[in-house]
Amino acid sequence: MIRDPQDLRRYTASQRVNHWIVGMCFILLAFSGLAFFHPAFFPLAMLFGGGVWARILHPLIGVAMAVFFTLLALRFWRLNMMTATDLEWLKRAREMMDGDDHNMPIQGKYNGGQKALFWAVLVCVLVLFVSGLAIWREYFSALLPIGLVRFASLLHAVFASLMIALITVHVYAAIWVKGTIRAMWYGTVTRAWAKQHHAAWYREMTGRKS
Amino acid sequence: MALQSLDIKARSATTTPSPQIRKAVEVAKLIDTSICIGCKACQVACMQWNDLRDEIGSNHGVLDNPMDLSAASWTVMRFAEHENEEGNLEWLIRKDGCMHCTDPGCLKACPSPGAIVQYTNGIVDFHEENCIGCGYCITGCPFNIPRISAKDHKAYKCTLCSDRVAVGQAPACAKACPTGAITFGAKEDMLDSAQVRVDGLKERGFQNAGLYDPQGVGGTHVMYVLRHADRPELYHGLPQDPHISPMVSLWKGVAKPLATAAMGAVAVGSLFHYVMKGPNEVSKETEREVEKEGEQ
Amino acid sequence: MTQHWEDIKNADLILIMGGNAAEAHPCGFKWVIEAKAQRKAKLVVVDPRFTRSASVADYYAPIRTGSDIAFLGGVINYLLTHDKIQHEYVKAYTDFSFLVKDEFQFADGIFSGYNPEKRSYDKSSWDYQLGADGFVKTDPTLQNPRCVYQLLKAHYARYTPEMVETVCGTPKDKFLKVCEMIAGCSTPDRTMTVMYALGWTQHSVGAQMIRTGAMVQLLLGNIGVAGGGVNALRGHSNIQGLTDLGLLSNTLPGYLTLPGDKEQDYAAYLAARTQKPLRPNQMSYWQNYPKFHVSLMKAWYGDAATKENNFCYDWLPKIDKLHDVLQVFEDMGQGKVNGYVCQGFNPLASFPNKAKIGGALAKLKYLVVIDPLATETSEFWQNFGPHNDVDPAAIQTTVFRLPSTCFAEEDGSIANSGRWLQWHWKGAEPPGEALGDGEIMAGLFLRLRAMYAKDGGAFPDPILKLTWKHRIPANPSSEELAKEYSGCALSDLADPKDPTKTLVKAGEQLAGFAQLRDDGSTASGCWIFSGAWTQAGNQMARRDNADPYGLGIAPGWAWAWPANRRILYNRASSDPSGKPWDPERRLVFWNGKSWGGADVPDMRPDAAPAENVGPFIMNPEGVARFFARGGLNEGPFPEHYEPFESPLDANPFHPQNPQAKSNPAARVFKGDMEAFGTPKEFPYAATTYRLTEHFHYWTKHVLTSAIIQPEQFVEIGAELAQEKGIAAGDRVKVRSNRGHIIAVAVVTKRIKALDVAGRKVHTVGIPIHWGFKGVAKNGYLANTLTPFVGDSNTQTPEFKSFLVDVEKVKG
Amino acid sequence: MQVTRRRFFRVCANGVAGSSLALMGFSPGEALAETRHFKLTRSTETRNTCPYCSVGCGILMYSLGDRSKNVRSRIIHIEGDPDHPVNRGTLCPKGAGLLDFVHSPNRLTHPEVREPGGKEWKRIGWDEAFDRITKLMKDDRDANFIAKTDDGLTVNRWLTTGFLAASASSNESGYVTHKVVRALGMTAFDNQARV
């Protein structure tokens, strides 16, 4: 549904579907994972039908997430290549956080923060996937030395926490920067939004120089 | 909830303390490997009492059978042929099974509330109905004891016959042991009789005889008398200084509050950021610019 | 056992040789551990394998299988030459001073009187010199060269440590260390106990091995004392009881014996067994034989047994020769046997040379198997591939299989090794239609009796007149039968001391065998069990475990034969004056008026020490014998002979005399001599044995045992394995001249190659327990390999020493 | 501050508790944890003796039910008799597994016969079994019984049928077996003591 013909298309439907599959996987994984991680979160397992179901589903969802995240990464990795501008942006990120984006360098489709987050999440998913296999008792753990399994358990917990934090930032950024979430809901952003936050991309999309 | 026949000292994945007031006598099983003949009566007594029947396996060129602990074999005899310094053969036979650590790695690692409990008498028990089958207990155990069943994906191990101990009976293996290599009683008494046995072995020329009650796990409620306490690894790889792996300690210890706090901090920080800085909206100026552009 | 299990805790040294108590009798073995813990006792194990017993021993010495007489003879020599014997004991309680006939000789491995054609001895020269008074001549100074002591010393002088090393392969230093430890028990305050089992009995010289062990114990003064003795650790739960009850080809209950063909006269039969004392004042308890025998016949034939008909003496079968199992299967193979009944017995698995046994069974017209379990024997006709490769169509035997109850489903008593008769109670109904053994016997007997009553037939009298006074004839109760063997008075018994008094009223149970009479007024089906069920009730069911003297004797627990005596020959635990040798272990002693103490004295209670009544009351000499007289078939002194399949070409003691290579008196059937293998073709010594996880051929039917030891294996020393390229877990083929088995190889350091007579001898260990029926993995019957020859006295097969070859199975 | 491992654990434990507190009651209800109930509580105890080796260990057999009329007893557990002077409650691996002997799948449950040349068992009743066996025995005995030898000696023996007795059966079974076997005149008679 086109709301305003002037809006700019930021994501295709298939990109959005891919993102939300990954997103749902993440939420399920985070909830079930937290249930195993800290007793305070164990009741989250009830969302899955209890601890046993949580234990059965978590690694399966994990594999699904790895697959869909890979697709997502294949779609977006080029766009997330760091440039000098991005580094400059990252240096000034604090100003941005303080609500002053006047001095921020002109950004393309993604700013330095988004790109950094992309790579960070990619690393997290990779580590979580590999370590997750190692601690998947049903199929793999018995084949590995116990020291490795223990290391993988720790790694999995640490990277999962890290990833939850990163995604929290990701979500918050989307909430904080008004007009962002709709890009993932129905694919378009307003021209003003684009110009404000991603001026280079705005120019690219509109063919304008300024 | 009914009052248990044994009071619980610690329960897996539970953050509040269990009732602590009643004091129970701490129990222990003492296994004197120097008089163990490896007859496997303990294995059978265990199967009989706990209604376990493992698969009928094969011979693998050794007397050990079943070859390893399993969900249906909670104890196995481990045989090792050792030629000592004088060139004489010693047949070192050890009954393997849960050590019932004072600081149990399995319980520490277990994410499911009440799947692993430690009674005040020292017994560490698995409650399969609460087990979710994740296998973290295996990861946590310094002695490689728990096994997940391929049938029901529950973890099993020696219960020290908690059902027998609860009614004042000794574990089935200890009762059956023909030579008295396994004895059972209050841990304090077991330490005393261990001392007598160690002294006896020293008299017979085993200068390095000693008790295996590893302090790295806070001591155990299954202890060994060893002729070669200086080299426990001779006994089919009994660990020299077992303790909960630092990985596990970090994972199920400090990482838990730190990571929870960090995640919470990020969430709360975000909230406060929003409250303090407000939303990042498109500036009126940009809006006007874009409008202008649109008009062109 | 001369002792009982708990008594082992009183020992200072335990010698396990020819047995593996830890493995085969773990719960009895606990008393060894107890002796170690409480008395600081030492355990010595001498065995071809480093066994589970050895694993907890203080000292282990290896020995070549079948060479135990050489080893123990060496010990005797050591004790005599180092003067480590208990002088007072041997002088007073043994035949040391007795003079032996001049005709008795020993030359190059053969005793006087040998007939090589018959492979047997004329034993007339193997006896004492008798004086004009009918008593044995003695020389208390022990100087006479014909006294037993001097002959013994001369006989074993050849058994030097060097010879022991040569014959047994036991390194000299290890042998001497064992000697030294044993010698430490020659003082009155230290005792050794000897524990043996099939590792001594299952040899062609088995009985002599045991005798040699007993001789060592006599030299140390260790028979009849607490913590001493020679202890046969018997295999089955009631093998003691069935032996006591005489269920053997040549015996009757209570070690009475069947008459031979020549013994047509009852009086002569009794006289030959009613031995007059050979020394003054001796009890010679077999003088009471007529009482025991008459009481037996009254128990069996009741009113039909009268003085006039010699108490039915002629109704007993007389024997032309020993019809032991080897003889019977030899005859069966020749088609001379038509029917066979196996009650709880699995001969196809248990007897040597499975091919021969199976072939013999196939010649039967009918076979009846009574068993709780599906045995191999009951399916000998069925093809089980390589494990039993037969053609059922070619086997014309009718086989009946009758289900019987097991222990849990019946009441009754069984006798353990310590001669305790213990009563047990039924806990549940048997499965399906299974019946008790007694009920099955009744079913057969009552039908036979009815047929003989109706149709007549060959000699029906003993069948028609057999006492069968059971309230339910088809199901004789254990209580009734126990009362019958224990015995009762048939008429009022007058008190011999005061004939006006009645000791026992007619119909009442007897208090013990001392009340038996030879006039037909008493009945007792087994005199040594007399007193098991008295007027006071079932003594075997008693359960008082109090141990008032702390010597491990619980006189109120069950009932032990004879007369509830727990340690045999216990008079010998005190010195000739009646004072305990060791004040710490006061077993039986003279209190000034009578004998008493922790145990029931094995002595006439009022026999004052001054009377010099010897403690070995069953011997007419009253003392123990180093010189066996005619008691055994190979000679009065044990001599080492090689197993019939030996890795050596000659007996190292008699290298020039082929007659003396193996037991010269052993019976070998035609064809079996040829079936012996030679070391050239079968270079390795082999021995069969049991594992602690299993019980004979039963527990392969038992799930828990199958789980803890599931599959057939053989044990091979690391050195031999390396030579043959065998790794642990490989499948190997073990071949003897009689067949082969295929099993998994357990490669172990616990079996070492031994240097014997200048050559290296490897031993292959063959656990028995597998077969083609069971829940464990099917395997070969180990007795496929074993030779068909037995001990010349007992005919117990030589399962412990034979020859094999081993090779890895390819692929 | 010296941080020992133990102290470190304690700090961690406090941290866990603290972090949970921070989560304000978002904590699971305590799961029921109870030992397995003692399975023999009201079973029936019967004393017996181990039927394997000659140590003669005392055993206690526990069976289902209280022997009331409508309950079929079944042995559900066997362990050592602590009163027994020799085994004092202990059992070896065989004795400890006696239950699996009593309930072995290879227990025989009914009489069977395998006919000459046959390949399988045929179930028969006890009467048929007894009748057929005793007929065979009588025919053999009548045909081959030796009352006198050729040289006129009375021997009254029957050599053509033999008997092996079970040394695991009771004295009473053994005694009655001996009586019957000798009354029939058999001498080919042994038990496991021979081997």
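## A walk through the chains

Let's start in chain B, where strands line up as E1-E5-E6 in an open sheet of three, with antiparallel pairing. Strand E1 (8–11) and strand E6 (124–126) of chain B sit at the edges, each pairing on one side only. Going from one strand to the next, the twist averages 30 degrees. If you zoom in on strand E5 (residues 116–119) of chain B, you'll find three bridges joining it to E6(B), with the two running antiparallel. A handy spot to look at is Val117(B), which stands opposite Asp125(B) in E6(B).

Before going further, keep in mind that this is a predicted model. Its scores are ipTM 0.94 and pTM 0.94. For chain D, the mean pLDDT is 88, and 83% of the residues reach 70 or more. One stretch to treat separately is residues 11–28 of chain D, where the pLDDT is below 50; beyond near neighbours in sequence, that stretch still has 25 contacts in the model.

Now for how the chains meet. Five pairs of chains touch, and the pair with the most contacts is C and D. Chains A and C, on the other hand, do not touch: their nearest C-alpha atoms are 23 Å apart. Back at the C–D interface, 137 residues of chain C are in contact with 103 residues of chain D. On the chain C side, helix H17 (residues 437–455) gives the most, with nine residues. Sort that side of chain C by residue class and you get 73 nonpolar, 45 polar and 19 charged.

Strands get involved in this pairing of chains too. Strand E14 (residues 398–403) of chain C and strand E4 (residues 112–114) of chain D pair in the antiparallel sense, over three bridges. To find the place on screen, look for Val399(C), which stands opposite Arg114(D) in E4(D).

Stay with chain D for a moment. Chain D has five helices and nine strands, and reading from the N terminus they come in the order α-β-β-β-α-α-β-β-α-β-β-β-α-β. The chain is divided into domain 1 (44–102) and domain 2 (112–191). Taken over C-alpha atoms, the centres of domain 1 of chain D and domain 2 of chain D are separated by 33 Å. Of the 195 residues in chain D, 53% are buried. As for contacts in chain D with a separation of 6 or more, 34% link residues 24 or more positions apart.

Finally, over to chain C and its strand E1 (residues 13–17). Why is this strand largely enclosed by the rest of the structure? Five of its five residues are buried, so the rest of the structure largely encloses E1(C). Both faces are covered, with Leu13(C), Leu15(C) and Met17(C) buried on one side and Ile14(C) and Ile16(C) buried on the other.

E1(C) also has strand partners. Five bridges join E1(C) to strand E2 (residues 42–47) of chain C, and these two run parallel. Within that pairing, Leu15(C) has Val44(C) as its bridge partner in E2(C). E1(C) pairs with strand E8 (residues 192–196) of chain C as well, in the parallel sense and over four bridges. There, the bridge partner of Ile16(C) in E8(C) is Met195(C).

Key: Residues numbered from 1 in each chain as written. Chains lettered and ligands numbered in written order. Predicted model: local features only at pLDDT ≥ 70, side-chain atom pairs only at ≥ 80, totals over all residues. Contact = placed C-beta atoms within 7 Å. Buried ≥ 20, exposed ≤ 12 C-beta atoms within 10 Å, placed from the backbone. Pairing = 2+ DSSP bridges. Axes fitted to C-alpha atoms, helices over the stretch in contact; angles between N-to-C directions. Nonpolar A, V, L, I, M, F, W, Y, C, P; charged D, E, K, R; others polar. pLDDT = per-residue confidence, 0-100. Domains from an automatic or database assignment.
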